[in-house]
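Here are a few notes to read alongside the model. Keep the view open and follow the points in order.

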Amino acid sequence: MVNIGNDWDGILASEFSSPYYLKLREFLKEEYRTRRIYPGMYDIFNALKITPFQKVKCVILGQDPYHGAGQAHGLCFSVRPGVEPPPSLKNVFRELQTDIGMPEPPTGDLTPWAKEGVLLLNTTLTVREGQPQSHKGHGWETLTDAIIRALNGADHPIVFLLWGSNARSKKALITNPRHLILESAHPSPLSAYNGFFGCRHFSRANAFLEANGVAPIDWASITR
């Protein structure tokens, strides 16, 4: 069974033993056996492994993993070191430069953000090579909704960055007035000019955290 290795194990224990997850697990076993699936099976839960529940300051919701070879490693929007950042991630970096003056990072690996307390969560955690959303509707959404509900119940303030319609559809799960929801268009080249550029979510997130006595996120940690 799943072993995250931190406080998520207790929080999600009932999910990992539930019928829907056991059915999803059997589906994934066959998928990994017969097809090329991303990310690698040992990277599926990297977002939870790197960012424990009690350390979460900010949540960025993606849709499903990158479906090209060598890209996905369990953190939404992030790619492995040495891999060219995809267009959406390049637009995230562009907004960071405009918002906080951050120089373009040398890598598209967002692991330093995860270590800073940014939960980089896709709503579907696996995908077939070359087939976006191919694992949609098999149970991942039930699990990731449970993760969002757990975060909604946290006793510490969290910023939720909802970029695009898929992420914004989760807004109904976030009801705790302790938290801040920031919404915009998706950073994809198809929609970034419709409200992502100029959203200033990175500085606004830190302003909220600091106002609530929480250390801000070092967004520039990915440049070092």
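**Core and helix packing**

1. Start with Ile60: skipping neighbours within four places in sequence, Ile60 is in contact with Cys76, Phe77, Trp113, Val118, Leu119, Leu120, Leu121, Leu161 and Trp163 (contact means heavy atoms within 4.5 Å). This is a predicted model, where local features need pLDDT of at least 70, side-chain atom pairs count only at pLDDT 80 or more, and totals for chains, interfaces and linings use all residues. Residues are numbered from 1 along each chain as its sequence is written, and side-chain values use heavy atoms, leaving out hydrogens and water.

2. Ile60 also belongs to the largest nonpolar core, which has 69 residues; Ile60 is listed with Trp8, Phe45, Trp113, Leu119 and Leu151 as having the most contacts inside it. Such a core is a set of buried Ala, Val, Leu, Ile, Met, Phe, Trp, Tyr and Cys residues joined through side-chain atoms within 4.5 Å, buried being under 20% relative accessible area with a 1.4 Å probe, protein chains only. Helix H6 (residues 140-152) gives this core the most, six residues; helices are DSSP runs of H or I, at least four residues, numbered from the N terminus.

3. Now look at where H6 meets H1. Trp8, Ile11, Leu12, Glu15 and Phe16 in H1 touch Thr142, Leu143, Ala146, Ile147, Ala150 and Leu151 in H6.

4. Over in another pair, which residues of H8 does H4 meet? They are His201, Phe202 and Ser203, and the H4 side brings Val92, Glu95, Leu96, Asp99 and Ile100.

Technical notes
Buried means under 20% relative accessible area, exposed over 50%, partly exposed in between (1.4 Å probe, protein chains only). Helices (H or I, at least four residues) and strands (E, at least two) are DSSP runs, numbered from the N terminus.
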